[in-house]
Amino acid sequence: MVKASDAVELTKELVRMNTINPPGQEERCARHLGALLERAGFEASYHSLGEGRASLIATRGNGSSKLPLCFTGHIDTVPLGVARWRMDPFAAETDSGKLYGRGASDMKCGVAAFSVAAMRMARSLPSSCALSLVITAGEETGCEGAFRLYRDGRLGKAGAVVVAEPSSNYPLVGHKGVLWLKATTHGVSAHGSMPREGINAVYRAAHAVTRLEQFRFSNPPHALMGQATLNVGTLHGGLNINSVPDQAEIGIDIRTVPTVDHAELIRLLASELGPEVDLQTLLNLNAVYTEAREPWIQSVFELMAPILGETPVPRVATYFSDAAALNRAYGDPPTVILGPGEAHMAHQTDEYCVLEKVEKSVAGYEEIIGRWCQS
Ligand SMILES: [Zn+2]
């Protein structure tokens, strides 16, 4: 029998496995969770993302009465950063109600909590009620694991999605999309003393950067997310001071809202920047958003209210998640971002999660599963 407090124990076990990405090495973590879930009656399948790396999909129930309810989370973490940690990032030590370690909040506690809730509920659920746990590798470097599952057709179906990213147990109804583009300009190299003999790719890039700075989105802003944003994050050009550079690259980070059509935006930027600029898409994830009045979201708000001690109002997350990749396969079912981790602790030195929130999230997830299977 799995106890609610086991979510804390399971979080510790996961934190003790170093899954810093790169290189990831998530397979051990995935196998550990898979073995536990199999013992509770789930079917586990592993999907490789390279040497020592794997995502896990664990399913139970036949889904004959209703599409599966999906819980998703990633098991890779970001690197430790340059600042010194006060706590050992892989010891999973607890102090004053907090559990410390890399990935504690983002998001091993979330994965542990929904896995424990699913295991606890599994025995009492009718076989017609299906659950699908999608536990991914390679999220932190651009949702590679989730995209691989999508491209390989491994995701099956889902009628609703819970993304256990850190939200302090506050249910969030979506997040912005992201479009990372690389703009490259080309020129003709020449000796720096004879610039007229060449074509300067950096000047072309500078013109492009100015046009990007002046770019304004024409879509209507979104009620909760506001307007899309565009930022030039990098600009590289030239190899040495005494040559006319023949290539320059601009890194563009666009955060979109549901009213932006990504394909149309790429076409628009390409025409604004003109034929001297080549645009390449590095990452393309749509915004995730469900109206708060959607009945399943309403039911999640309602059941989380006593756990939170307040009635949730519609809010969105600042980060993006694997849901953007998953929802391509699932056809945008209602999606909530709900996890016990602390969003402000994600990617921080001395990252921690709060033990009480981990245990409360298990109760919340169990209620979500129970209601899904009753209705
Ligand atoms: Zn995360």
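Analyst: The questions below concern a predicted model, starting with a sheet and ending with charged pairs.

User: What makes β1 and β2 a pair of strands?

Analyst: Pairing needs at least two bridges. β1 (residues 43–48) and β2 (residues 54–60) have six bridges, so they count as paired. The sense is antiparallel.

User: Why are β1 and β16 called edge strands?

Analyst: The open sheet has six strands in the order β1-β2-β6-β3-β7-β16, with mixed pairing. β1 and β16 each pair on one side only. Neighbouring strands of the sheet are turned by 15° against each other on average, direction ignored.

User: Which helix lies across β2, β3 and β6?

Analyst: Helix α3 (residues 104–122) does. The helix runs at about 150° to β3 (69–74).

User: What makes R60 a residue without a salt bridge?

Analyst: A salt bridge needs a side-chain nitrogen of Lys or Arg within 4 Å of a carboxyl oxygen of Asp or Glu. For R60, the nearest side chain of opposite charge is E43, 10.0 Å away. That is beyond the cut-off, so no salt bridge is assigned.

User: What lies around the side chain of R60?

Analyst: A polar atom of that side chain lies 2.7 Å from the backbone oxygen of C129. Leaving aside neighbours within four places in sequence, R60 is in contact with residues including F42, A122, L125 and C129.

User: How many salt bridges does the rule give?

Analyst: The count comes to 13.

User: Why is the R293 and E291 pair called a salt bridge?

Analyst: The closest N and O atoms are 3.6 Å apart. The limit is 4 Å, so the pair qualifies. R293 has 66% relative accessibility and is therefore exposed, the threshold being over 50%. E291 has 37%, so it counts as partly exposed.

User: What does the salt bridge between E342 and K357 tie together?

Analyst: E342 and K357 meet with their closest N and O atoms 2.8 Å apart. E342 lies in the loop between β16 (335–337) and β17 (352–354), and K357 in helix α9, so the bridge ties parts that are 15 residues apart in sequence. E342 is at 5% relative accessibility and therefore buried, as the label requires under 20%. K357 is partly exposed, with 24%.

User: Which parts does the pair of E302 and R371 tie together?

Analyst: E302 and R371 meet in a salt bridge at 3.1 Å, N to O. E302 is in helix α7 (residues 295–308) and R371 in helix α9 (residues 355–374), so the pair ties together parts 69 residues apart in sequence. E302 is exposed at 51%, because the cut-off is over 50%. R371 has 25% and is partly exposed.

User: What makes E302, E367 and R371 one network?

Analyst: Salt bridges that share partners join E302, E367 and R371.

Technical notes: Residues numbered from 1 in each chain as written. Predicted model: local features only at pLDDT ≥ 70, side-chain atom pairs only at ≥ 80, totals over all residues. Heavy atoms only, no water. Helix = DSSP H or I, 4+ residues; strand = E, 2+ residues; numbered from the N terminus. Buried < 20%, exposed > 50% of the residue type's maximum accessible area, 1.4 Å probe, protein only. Lys, Arg positive; Asp, Glu negative; His and termini not counted. Polar contact = N/O pair within 3.5 Å; in protein donor to acceptor, adjacent residues only side chain to side chain. Contact = heavy atoms within 4.5 Å. Axes fitted to C-alpha atoms, helices over the stretch in contact; angles between N-to-C directions.
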